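This report walks through the packing of one protein chain. Please keep the sequence and the 3D view open while reading.

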Amino acid sequence: MIPAQQGYDRAITVFSPDGRLYQVEYAIETVRRGTVAIGIKCNDGIVIAVEEKPRKLQISENAQKIFQIDDHVGVAAAGYIPDARSQVDNARFFSQSNKMIYDEPVEVETIAKHLADQSQQYTQYAGVRPFGVALILGGVVGGKPQLYLTDPSGTYIAYDAIAIGAGSEQVTDFLEKTYKDDLSINDASVLAAAGIYLSSEDKDGTGHIRMARIKKETGAYELVSNEEIAKYATSAKEKYPQEKK
């Protein structure tokens, strides 16, 4: 017996009788299966962090799930990372075009909307598939930190703090309980490390954690060094010990 939905999940443009686009739901499920990514907005900037699981012999100096879009904007991804690279390249071109046309840094929301519009188009036309990735975009524009989430359906939403990927529901609950409006960028970094430990199977070490930040005082994207991540991880274990058992 053929499952009821099978006739409706072969083409992206066909709604099922109960109003669902199964290919879009499959793409969102791909995001849920990716390792966790976290974004946190704080008083003095933005922190984005991801869990990466390099293989034993892999050279893992370069982050695979965190990207720089512009001097003031960074991205963390969860899901099918080749799709993330494609969207990041698109966002970089869009950001530089905006700079040339308007002679000012592009708003994070403008980038988020552009990528969400592209994702929505890939839910509407035959012969394509949805992007299997969700992105957390964070940046500082005019001294104001901004944080947005895009997903395969074409939705984009502003957040103070958000997690995506495997275990993201648990991490989001943790962020809802611990997030405060007056967090410093160091506090936010500790909170991000705690969130990754919460969802990860690896409760020791920091080799699986990658982190970047955009400070309000400089407005510049920068990767956080392994030494600093180790300090944040130690503080996370001390401050949130019950969350990592």
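## Two packed helices

In helix 4, Gln170, Val171, Phe174, Leu175 and Thr178 meet Leu191, Ala194, Gly195, Leu198 and Ser199 of helix 5. Contact here means heavy atoms within 4.5 Å. By class, this contact has six nonpolar, four polar and no charged residues. Ala, Val, Leu, Ile, Met, Phe, Trp, Tyr, Cys and Pro count as nonpolar; Asp, Glu, Lys and Arg count as charged; the others, Gly among them, count as polar.

Helix 4 covers residues 168-178 and helix 5 covers residues 185-199. They pack at an angle of about 145°, with axes 9 Å apart. Axes are lines fitted to C-alpha atoms, for helices over the stretch in contact, and angles run from 0 to 180 degrees between N-to-C directions. Helices (H or I, at least four residues) and strands (E, at least two) are DSSP runs, numbered from the N terminus.

## Basis of the model

This is a predicted model: local features need pLDDT of at least 70, side-chain atom pairs count only at pLDDT 80 or more, and totals for chains, interfaces and linings use all residues. Residues are numbered from 1 along each chain as its sequence is written, and side-chain values use heavy atoms, leaving out hydrogens and water.

Five strands form an open sheet in the order 3-4-5-6-7, with antiparallel pairing. Two strands pair if DSSP finds at least two bridges between them. Strand 3 (66-70) and strand 7 (156-158) are the edges, each pairing on one side only. Neighbouring strands are turned by 25° against each other on average, direction ignored.

Strand 6 (residues 144-150) pairs with strand 7 over three bridges, in the antiparallel sense. Leu149 has Ile157 in strand 7 as its bridge partner. Helix 3 (residues 108-121) lies across strands 3, 4, 5, 6 and 7, running at about 160° to strand 5.

## Helix 1

Helix 1 (residues 22-33) has 12 residues. From first C-alpha to last, helix 1 reaches 17 Å, close to the 16 Å expected at 1.5 Å a residue. Its buried residues are Tyr22, Val24, Ala27 and Val31. Buried means under 20% relative accessible area (1.4 Å probe, protein chains only). Their cover includes strand 4 and strand 5.

## Gly219

Where is Gly219 placed? Gly219 is in the loop between strand 9 (209-215) and strand 10 (221-223). Gly219 counts as buried because its relative accessible area is 18%. Not counting residues up to four places away in sequence, Gly219 touches Asp71, His72, Val140 and Ile214.

Key. Expected span 1.5 Å × (residues − 1). Buried < 20%, exposed > 50% of the residue type's maximum accessible area, 1.4 Å probe, protein only.
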